[in-house]
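Trainee: Could we go through this protein together, one step at a time? I would like to learn how to read it.

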There are 2 protein chains.
Amino acid sequence: MEQEFASTLLENAVRELSRLPGIGRKTALRLALHLLRKDEAEAVALGQSLIDLRTGITYCRSCHNISETEICPVCASTGRDRATICVVENVRDVMSVERTGQYHGLYHVLGGIISPMDGIGPEMLEIDSLIERVGKEEIREVILALGATMEGDTTNFYIYRKLSEFPDLRVTQLARGMSVGNDLEYTDEITLGRSLLQRTLFSDSFGK
Amino acid sequence: MEQEFASTLLENAVRELSRLPGIGRKTALRLALHLLRKDEAEAVALGQSLIDLRTGITYCRSCHNISETEICPVCASTGRDRATICVVENVRDVMSVERTGQYHGLYHVLGGIISPMDGIGPEMLEIDSLIERVGKEEIREVILALGATMEGDTTNFYIYRKLSEFPDLRVTQLARGMSVGNDLEYTDEITLGRSLLQRTLFSDSFGK
């Protein structure tokens with residue numbers, strides 16, 4: 001055999017699979033051989049779903065979350081609180097917030113966070129479009145829901161400064177504190193320190 | 001959002017990807033979102049390659065290796081030693097042997113090994129077709145190249161017994177011994193014992 005594999009079809013599939021992050025040639029070969037053992041319908045469904053995914057999904061013109069329509073179901077919904085925008089880094093974070101079941105407002109997906117180390121400046125993110133939305137729509141609160149990292153804090157602060165032109169707007173950020181279920185000894189001292197400073201009334205933790 | 005993801009296309013892709021072995025829903029989501037960030041052509045190439053793989057590949061009628069044609073390139077080749085068959089467990093093992101560059105004969109892929117624990121009996125493997133090939137073709141040697149495991153040894157012995165009806169046939173198996181590059185202290189005592197019993201002439205290791 002001149003090529004590494006007996007078949008160019010197998011070679012193609014392995015090459016394409018191994019382009020995926022975290023999948024090397026060995027894993028790609030294992031996956032391809034697995035598909036060969038399965039029903040034809042299953043392999044075709046997988047292949048077609050990936051084609052449909054990339055060709056059918058676009059980004060919401062308003063919040064920049066992924067969407068199959070120009071305006072995503074959240075932005076189009078009449079059942080959600082249209083006066084609150086939750087600002088997140090990426091599409092995955094929208095899913096994380098949705099899964100909590102605690103949020104019923106709109107979103108704004110930045111598409112990244114400010115990171116000079118990675119050469120990502122504010123002009124590369126959907127920050128201007130956020131300011132524009134707040135100016136045009138009837139927004140009363142913007143929740144900054146970025147990660148508790150230096151880049152997240154920098155981005156939060158940058159957006160906060162930009163939003164200061166709206167005097168009546170409430171700008172909030174996610175609470176920082178101990179993770180639910182964690183012991184004190186496993187909580188780092190910075191988080192524990194913040195949890196002390198930002199302690200909440202015990203009576204607020206029940207009832208309400 | 002009623003469903004977990006904002007999009008049924010994303011949902012479909014994640015569901016199909018997570019059917020693959022070793023890929024859970026979190027990894028599937030990461031892969032799907034990766035594809036969304038890439039060029040459309042790349043995602044389409046991946047999807048199409050998986051469809052082509054499963055619809056275009058069949059198994060060689062003679063050796064049961066994967067093939068795009070009824071008879072695989074190895075079996076159809078005039079440049080290979082057609083008097084020797086190397087018996088392997090699966091398609092991946094054919095690739096392993098080919099990569100050594102030391103083998104120029106034909107193959108026979110069993111499609112598994114005898115394993116009562118997994119309910120795999122000899123009748124479920126391509127053993128009868130091997131005996132048939134040896135009876136019909138001009139085969140002088142069968143190399144049993146199964147793994148050095150209990151199941152491999154059992155299968156080797158079963159095939160060896162079946163092949164004893166051909167008195168002039170040479171039946172060999174892969175040498176068992178120390179791995180190249182290994183120290184004695186890291187070689188298990190059974191392997192080391194066999195290496196002692198089956199020691200070879202030093203002068204055979206160079207020139208010849």
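Mentor: Gladly! Let us begin with a term: a salt bridge is a side-chain nitrogen of Lys or Arg within 4 Å of a carboxyl oxygen of Asp or Glu. Keep in mind that this is a predicted model.

Trainee: How many salt bridges does the structure hold over all chains?

Mentor: Every pair that meets the 4 Å limit counts. One of them joins K136(A) to E132(A), with the closest N and O atoms 3.6 Å apart. Over all chains, the number of salt bridges is 16.

Trainee: Which helix do K136(A) and E132(A) both lie in?

Mentor: These two residues are four apart, about one turn of the helix. Both belong to chain A, and their helix covers residues 128–136. The name you want is α6.

Trainee: Which helix of chain A gives the most to the positive patch?

Mentor: The positive surface patch is made of K26(A), R30(A), R37(A), K38(A) and R92(B). K38(A) sits in the loop between α2 and α3 of chain A. With three residues, the top contributor is the helix of residues 25–37, α2.

Trainee: What kind of axis relates chain A to chain B?

Mentor: A rotation of 180 degrees, with 0.0 Å of shift along its axis, places chain A on chain B with an RMSD of 0.1 Å. That is the relation of a two-fold axis.

Trainee: Which residue of chain A comes closest to the rotation axis?

Mentor: Look at the C-alpha atoms of chain A. At 1.8 Å from the axis, the closest is that of G47(A).

Methods:
Residues numbered from 1 in each chain as written. Chains lettered and ligands numbered in written order. Predicted model: local features only at pLDDT ≥ 70, side-chain atom pairs only at ≥ 80, totals over all residues. Heavy atoms only, no water. Least-squares fit on C-alpha atoms with pLDDT ≥ 70 in both. Patch = residues over 30% accessible without salt bridge, like charges linked within 9 Å, V, L, I, M, F, W, Y side chains within 5 Å. Areas by Shrake-Rupley, 256 points an atom, 1.4 Å probe, with all protein chains shown as cover. Lys, Arg positive; Asp, Glu negative; His and termini not counted. Charge placed at Lys NZ, Arg CZ, Asp CG, Glu CD.
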